[in-house]
Amino acid sequence: MKKEIEQAAAAIRNARFVIALTGAGVSTESGIPDFRSKGGLWSRFDPMEYGTIGAFKKDPAKVWHMLDELLELTDTKPNKGHLAMARLEGMGLLDGIITQNIDMLHQKAGSKTVVEFHGSIASFRCLACQNEYPLAFVQEQKNHPVCGTCKQLLKPDMVFFDEQIPAAALMASKELIAAADLLLVAGTSCQVTPASSIPLQIKKKGGLIIEINLEPALDNLANITLQGRFATTMTRLTDQLNAGKEE
Ligand SMILES: [Zn+2]
């Protein structure tokens, strides 16, 4: 592993523009089980009944039972891996993160350039008048939050299964991908579109791919595979780069 960490650090140091793609695996060590895993959110709430915009429009009160659980995530703290990624950005060695997570942990860790492919629960919206409400407003309510004007239940700005990736996020990610010559994949097996196409896009233009996964999934695409837990591995990698800087 030491050799691979050194190789990965050298590749990052030599790259012009480094981006990261993260998924559920980076947050499990913060205590958020992968929504798709056994015992995860979508094993207890059928995505078709609780995770689509159609379901929300039909019966928002029902979908709010699932959202109550999601809101508990707002107490979650970033782990050492999130903090290491933020540190890497501060060192000028990471230019942006594209995340599939809605838990805001990268931002909480201090990362500045974060594209949220699937939105987040940082803000909520009234589907009738499009008025936006911050998370703090929702947390202050005793009951499920409704729009002050329309009295309709609010929807979080997370992307439901049948919704499009927000245009702004798609645009921002395209710009990052276009500029990148190195992609750090962490905590995701890249099976869900459109995130799944990002490693291919980087590979196609001759970029390098470093994978950090407990169970590596990019065997054919990754140039360097760091098999291990996100928090430990990301910390080791960032420490290695930091040490290199001081030399
Ligand atoms: Zn409204």
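Modeller: This is a predicted model.

Biologist: Which residues make up domain 1 and domain 2 of the protein chain?

Modeller: The domain assignment gives 1-32 + 77-118 + 165-247 to domain 1, and 33-75 + 120-158 to domain 2. Their C-alpha centres are 28 Å apart. Domain 1 brings 11 residues to the contact and domain 2 brings 14.

Biologist: How much area do domain 1 and domain 2 bury between them?

Modeller: About 1000 Å², with 68% of it on carbon and sulfur atoms. On the domain 1 side, 53% of the area buried against domain 2 comes from I32, I102 and M104, more than from any other three residues.

Biologist: How many salt bridges does the rule find across the interface of domain 1 and domain 2?

Modeller: The rule finds 0 there. A pair would need a side-chain nitrogen of Lys or Arg within 4 Å of a carboxyl oxygen of Asp or Glu. Polar contact, by contrast, is counted for 2 residue pairs between domain 1 and domain 2. By class, the side of domain 1 that touches domain 2 has 5 nonpolar, 3 polar and 3 charged residues.

Biologist: Which atoms coordinate the zinc ion?

Modeller: The SG atoms of C126, C129, C147 and C150, at 2.3 to 2.4 Å. The cut-off for a donor to this metal is 2.8 Å, so these distances qualify. Along the chain the donors follow the spacing C-x2-C-x17-C-x2-C.

Biologist: What makes the arrangement around the zinc ion tetrahedral?

Modeller: The 4 donor atoms subtend angles of 106 to 115°. Four donors count as tetrahedral if all angles lie between 85 and 135 degrees, so the arrangement is called tetrahedral.

Conventions
Residues are numbered from 1 along each chain as its sequence is written. This is a predicted model: local features need pLDDT of at least 70, side-chain atom pairs count only at pLDDT 80 or more; totals for chains, interfaces and linings use all residues. Side-chain values use heavy atoms; hydrogens and water are left out. Domain bounds come from an automatic or database domain assignment. Contact means heavy atoms within 4.5 Å. Buried area is the accessible area (1.4 Å probe) that two parts lose on being put together, summed over both. A polar contact is a pair of N or O atoms within 3.5 Å; within protein, one must be able to donate a hydrogen and the other to accept it, and residues adjacent in sequence count only if both atoms are side-chain atoms. Ala, Val, Leu, Ile, Met, Phe, Trp, Tyr, Cys and Pro count as nonpolar, Asp, Glu, Lys and Arg as charged, and the others, Gly among them, as polar. Donors are N, O and S atoms within 2.8 Å of the metal (3.2 Å for Na, K and Ca); water is not among the atoms, so sites may look incomplete. Four donors count as tetrahedral if all angles lie between 85 and 135 degrees; four count as square planar and six as octahedral if opposite donors are over 155 degrees apart and all others between 65 and 115; anything else is irregular.
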